[in-house]
Protein chains: 2
Amino acid sequence: MSQLIPPTSPTPPVPPEDPARLSPGEARALFRAGLRVPTSGYAAGYAQANLIALPRDLAFDFLLFAQRNPKSCPVLDVTEPGETAASIFAGDIRTDLPAYRIYVNGEQVEETTDATAAWRDDLVAFLIGCSFTFETPMLEAGIPVRHIETGTNVAMYRTNRQCRPAGRLSGPLVVSMRPIPAAQVADAVRVTSRYPAVHGAPVHIGDPAALGIADLGRPDFGDPVEIHPGEIPVFWACGVTPQAAVMASAPEFAIGHAPGHMAITDVRDTTYQVP
Amino acid sequence: MSQLIPPTSPTPPVPPEDPARLSPGEARALFRAGLRVPTSGYAAGYAQANLIALPRDLAFDFLLFAQRNPKSCPVLDVTEPGETAASIFAGDIRTDLPAYRIYVNGEQVEETTDATAAWRDDLVAFLIGCSFTFETPMLEAGIPVRHIETGTNVAMYRTNRQCRPAGRLSGPLVVSMRPIPAAQVADAVRVTSRYPAVHGAPVHIGDPAALGIADLGRPDFGDPVEIHPGEIPVFWACGVTPQAAVMASAPEFAIGHAPGHMAITDVRDTTYQVP
């Protein structure tokens, strides 16, 4: 059961001409006012983050889940229970993402542009690295990013790989996919390897069937993208994995971002670069 | 109040001729039999780890403390409550380190070679990366490691830098120091940067006073080392930081390793190498 609540603003803002040039604060203000778009390509040069907020009682299980699955769940920041800002995110975590998903007992009960009404004082919010962060370095290295070219959401898939469980949490690895020209796959590995905190190197290159993905044209989250002749599908671990764990493990309550609709942080992407 | 309990074995084994050539299992067997030595230089090529075991009730606070202080507290593994082995450590965590420190309300009440009697079923054990792990790559790069040359423990110091607190845990950053010839300091940075999971690049190079260290000749943990003419003291974040937090925050109970007397894991040091 999924239900789209209309944005709080009666006339949501239109998408900006050049979203890459927005500052994080400007982008968050648009989302707070109701703009509902995937954030790939927004505020170029700033790290983006996945959100998963869980009751305090589940926070240890989740932090352990993240420690045991660092490729998919690299933790960038953790709030104190009930806090609505984070050290890397100066906005309001309940309103400043473009869209949220609310889960009760593992079922998505709502998708909304404003999570204020659903927020609880016992929620601990985790900000998890997002691969949108390394798309600026990819573009700078001349590697095409198809979903930015087409202005769509990245394609994401549940895989047949299980995460290492922790406490009450378990579930499958989720991946994002980008089609890369064969001659540039090595460059894509090299560039993204330098950003382990935002998923780092790919987890799989080539045959989607080996990950249990039957049809690349039907992603589980986001939009399909065209794969041109001579391109290879390249798969990176994805920060929607915590939400897949929520769906698989059915904790009492959780709030996540709508996949692809990220928290834009105040931290430069280069902060997460390793030599 | 500190008290050295005699080792369980009536005649503890003598240190081996060439400790670098021991396998992790062989080294652990010697420690289990009562050999009480610093582990720097043991089982070359295998990662070593700091131990901090805390009651389940404090596990989230500590995991959050580690997430907020990743340079000093890089988490390599976490056990389930009461478990005595870990996925990276096939031994018995209560007996297979050379020595342990037991803390009650933040006071060290005992130092022992066997923590079995003090162990509790509600303890969660955290294995934290140790800089001994990158000493093999340092030696391979021709960088001298003084405390291996002299067969002593590494010098460790409490600093005036406070860690970012988490829940009930706070305390100072602890560092280890190695004197490095000026011409090789850049190499030491380059080599150790590739091992962020075992403290990575130095946190400070040069003047100890800037870290609040008054006298390098009097380390807070381990042994002093001689600094030769032309050498610079180089400081790395140290996995004794969790124990300094225990001493500063006085949780009800904790068990740590004796500084420098590490858990030798079954994981190759190269596993933690980044490009």
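Buried means under 20% relative accessible area, exposed over 50%, and partly exposed in between, with a 1.4 Å probe and protein chains only. Helices (H or I, at least four residues) and strands (E, at least two) are DSSP runs, numbered from the N terminus. This is a predicted model, in which local features need pLDDT of at least 70, side-chain atom pairs count only at pLDDT 80 or more, and totals for chains, interfaces and linings use all residues. Residues are numbered from 1 along each chain as its sequence is written, chains are lettered from A and ligands numbered from 1 in the order in which they are written, and side-chain values use heavy atoms, with hydrogens and water left out.

Start with helix α6 of chain A, residues 241-249. Of its 9 residues, 7 are buried, so by the cut-off above the helix is mostly covered. The buried residues are Thr241(A), Pro242(A), Gln243(A), Ala244(A), Ala245(A), Val246(A) and Ser249(A). What covers them? The cover includes β1, α2 (56-68), β3 (100-104), β7 (172-181) and β10 of chain A. Just after α6(A), Ala250(A) takes a positive phi of about 55°.

Strand β1 of chain A, residues 46-55, is part of that cover. This strand is itself largely enclosed by the rest of the structure, because 9 of its 10 residues are buried. Its partners come next. Two strands pair if DSSP finds at least two bridges between them. β1(A) runs antiparallel to strand β5 (residues 123-129) of chain A, with 7 bridges joining the two. There, Ala53(A) stands opposite Ala125(A). Strand β11 (residues 263-268) of chain A is also antiparallel to β1(A), through 3 bridges. Gln48(A) has Ile264(A) as its bridge partner in β11(A). With strand β10 (residues 253-257) of chain A, β1(A) pairs in the antiparallel sense over 2 bridges.

Now turn to the open sheet of chain A. It has 4 strands in the order β6-β7-β9-β8, with antiparallel pairing. β6 (155-162) and β8 (204-205) of chain A stand at the edges, each with a single partner strand, so one side of each is left without a neighbour in the sheet. β8(A) is joined to strand β9 (residues 231-237) of chain A by 2 bridges, and the two run antiparallel. His204(A) stands opposite Phe235(A) in β9(A). Helix α5 (residues 185-193) of chain A packs on the sheet and touches β7, β8 and β9 of chain A. Contact here means heavy atoms within 4.5 Å. The direction of α5(A) makes about 20° with that of β9(A). Such axes are lines fitted to C-alpha atoms, for helices over the stretch in contact, and angles run from 0 to 180 degrees between N-to-C directions. α6(A) lies across β6 and β7 of chain A, at about 145° to β7(A).

Chain B also has an open, antiparallel sheet of 4 strands, in the order β6-β7-β9-β8. In chain B, strand β7 (residues 172-181) and strand β9 (residues 231-237) pair in the antiparallel sense over 7 bridges. Pro181(B) stands opposite Glu231(B) in β9(B).

How do the two chains relate? A rotation of 180° with 0.0 Å of shift along its axis superposes chain B on chain A, at an RMSD of 0.0 Å. The copies are thus related as by a two-fold rotation axis. The superposition is by least squares on the C-alpha atoms of residues with pLDDT of at least 70 in both. In chain B, the C-alpha nearest the axis belongs to Phe60(B), 2.4 Å away. The same surface serves both copies, since 100% of the contact residues of chain B recur in chain A.

At the interface, 21 residues of chain B are in contact with 21 residues of chain A. The area buried between the chains is about 1,700 Å², and carbon and sulfur atoms give 55% of it. This is the accessible area (1.4 Å probe) that two parts lose on being put together, summed over both. Phe60(B), Leu63(B) and Gln67(B) supply 34% of the area that chain B buries against chain A, more than any other three residues.

Last, the cysteines. The structure holds 0 disulfides over all chains, a disulfide being a pair of cysteine sulfur atoms within 2.5 Å. For Cys130(B), the nearest cysteine sulfur is that of Cys238(B), 7.1 Å away. Cys130(B) is buried, with a relative accessible area of 4%. The sulfur of Cys163(B) is 5.9 Å from the closest cysteine sulfur, in Cys73(B), too far for a bond. Cys163(B) is buried as well, at 8% relative accessibility.
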